[in-house]
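Colleague: I'd like to go through this model with you before I use it. Could you take my questions one at a time?

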Amino acid sequence: MDKKLWQIIEKEIKRQEETLELIPSENFVDLETLFIVGSPLMNKYAEGYPAKRYYPGNKYIDEIENLAKERALKAFKLNPNKWSVNVQPYSGSPANLAVYLGLINPGETIMGLNLFHGGHLTHGHKVSYTGKLFNSIQYCVKDKGIDFKELEKLALEYKPKIIISGITAYPRTLDFKKFYEISKKVGAYHVADIAHISGLVIANLHPSPFPYADVVTMTTHKTLRGPRGAVIFMRKELEEKINKSVFPGLQGGPHMHTIAGIAYAFGRALKKDFYNYQKQIVKNSKKLAEELIKRGFELYTGGTDNHLMIIDLKPLGLDGKTTEALLERANIIANRNSLPSDTSPFNPSGIRVGTPAITYRGMKEKEMIEIAEFFERILIKKEKPEKIKKEVINLTKKFPLPYRKWLRMANKIL
Ligand SMILES: Cc1ncc(COP(=O)(O)O)c(C=O)c1O
């Protein structure tokens with residue numbers, strides 16, 4: 001047993017057990033996912049697609065990839081005659097790049113939501129290759145929602161080939177129909193990136209982009225609670241272009257252990273429990289937002305419709321970096337985040353808070369009140385975070401994670 005390495009793993013497990021994980025893009029996998037992703041499937045090279053591999057020995061690997069695809073389509077109730085799915089992208093960023101490169105040429109125009117307003121780096125931000133390889137035009141949020149007036153004006157002026165709808169730090173419902181209508185008007189593909197909200201879409205707690213999109217991408221490790229990875233759904237007529245772009249365009253051998261974990265995650269998403277979990281994520285998010293507002297916090301767009309919210313720290317005279325560090329001293333993990341009024345991403349004035357991970361642990365509305373109180377005591381009443389840390393650890397102990405069992409098993413058999 002590699003003692004040094006296992007000691008670090010154990011420390012990280014303890015950290016996860018004893019902290020309140022409020023980063024909206026993080027979640028906790030279950031033990032079955034850990035076993036599947038750690039399985040000998042990891043050993044197999046399977047470049048290509050089922051029944052069209054560049055390596056021999058892929059009989060069972062094909063079965064696994066086909067199962068993942070079948071369940072992914074089923075989870076979103078998609079007609080397999082109209083939609084295809086690629087489960088091979090290594091993660092969300094390469095999935096998005098593969099889609100853009102599959103559909104259009106470098107130098108052509110894409111349009112996505114500005115990073116400071118809640119968009120993702122891969123939606124055309126200037127430091128991402130998506131903003132360097134393509135001519136990137138960014139739209140914004142105005143008042144409490146996407147500024148569709150400006151979006152349409154920009155689309156008519158710049159004639160993008162792709163319009164991306166998708167969020168990473170925007171707490172409101174997206175109107176995919178409006179994106180579709182503007183895309184159609186200018187002859188652009190509509191690519192929806194539902195990385196954050198995929199679980200909510202499956203559970204019908206957020207409108208589906210599928211009636212209105214040509215391509216839908218998502219990561220598998222956020223609200224879906226699967227292993228790190230991504231999938232791309234595309235209308236049948238785009239299948240060849242996008243599949244070729246993923247492999248051989250951008251990637252080599254698919255990570256079959258991850259794809260098996262994705263098959264498991266979509267299988268779980270077909271069960272009733274999954275719906276209840278997603279419903280509680282949103283209930284918790286709304287409750288936490290309400291309790292924060294009650295205590296004097298200001299939230300970006302005034303609240304939340306989904307699994308996340310962003311506190312505007314400027315009225316408190318705080319910034320994102322200081323706040324992130326103060327909270328971490330109390331074992332509360334929430335990440336700093338830019339807001340539209342910021343000029344530099346290095347010193348953002350927001351803190352992003354989400355409920356998927358704490359909801360998986362079993363926390364409900366009662367705990368949201370406690371968490372809002374922790375925020376108030378640290379950030380408004382200026383209590384010492386170290387004092388609150390003990391209370392946070394006590395709270396986490398009531399909602400255990402399953403990883404000690406896994407660690408004990410590893411210790412026993414290795
Ligand atoms: C909307 C969105 N798209 C893409 C990604 C990128 O995913 P990954 O970190 O797996 O590359 C993220 C990650 O946070 C995201 O929020």
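Colleague: At what angle do helix H3 and helix H10 pack, and how far apart are their axes?

Modeller: Bearing in mind that this is a predicted model, helix H3 (residues 59-75) and helix H10 (residues 256-269) pack at an angle of about 35°, and their axes are 8 Å apart.

Colleague: And is the crossing of H3 and H10 left-handed or right-handed?

Modeller: H3 and H10 cross in a left-handed sense. On the H3 side the contact includes Ile-61, Ile-64, Leu-67 and Arg-71, while H10 contributes, among others, Met-256, Ile-259, Ile-262 and Phe-266.

Colleague: How do the residues of that contact divide into nonpolar, polar and charged?

Modeller: The contact of H3 with H10 holds 13 nonpolar residues, one polar residue and two charged ones.

Colleague: Changing topic, where are the domains in the chain?

Modeller: Domain 1 covers 32-269 and domain 2 covers 274-397, with 28 Å between their C-alpha centres. Their contact draws 21 residues from domain 1 and 25 residues from domain 2.

Colleague: Now the ligand: which residues come nearest?

Modeller: Of the 13 residues around the ligand, the nearest are Ser-91, Gly-92, Ser-93, Thr-168 and Ala-195.

Colleague: Which helix gives the most to that shell?

Modeller: Helix H4 (residues 92-103) does, with three residues, and the shell as a whole has 11 polar residues, one nonpolar and one charged.

Methods:
Residues are numbered from 1 along each chain as its sequence is written. This is a predicted model: local features need pLDDT of at least 70, side-chain atom pairs count only at pLDDT 80 or more; totals for chains, interfaces and linings use all residues. A residue is near a molecule or strand if its C-beta atom, placed from the backbone, lies within 6 Å of it. Helices (H or I, at least four residues) and strands (E, at least two) are DSSP runs, numbered from the N terminus. Ala, Val, Leu, Ile, Met, Phe, Trp, Tyr, Cys and Pro count as nonpolar, Asp, Glu, Lys and Arg as charged, and the others, Gly among them, as polar. Axes are lines fitted to C-alpha atoms, for helices over the stretch in contact, and angles run from 0 to 180 degrees between N-to-C directions. A crossing is left-handed if the near helix is turned anticlockwise from the far one by less than a right angle, and right-handed if clockwise. Two residues are in contact if their C-beta atoms, placed from the backbone, lie within 7 Å. Domain bounds come from an automatic or database domain assignment.
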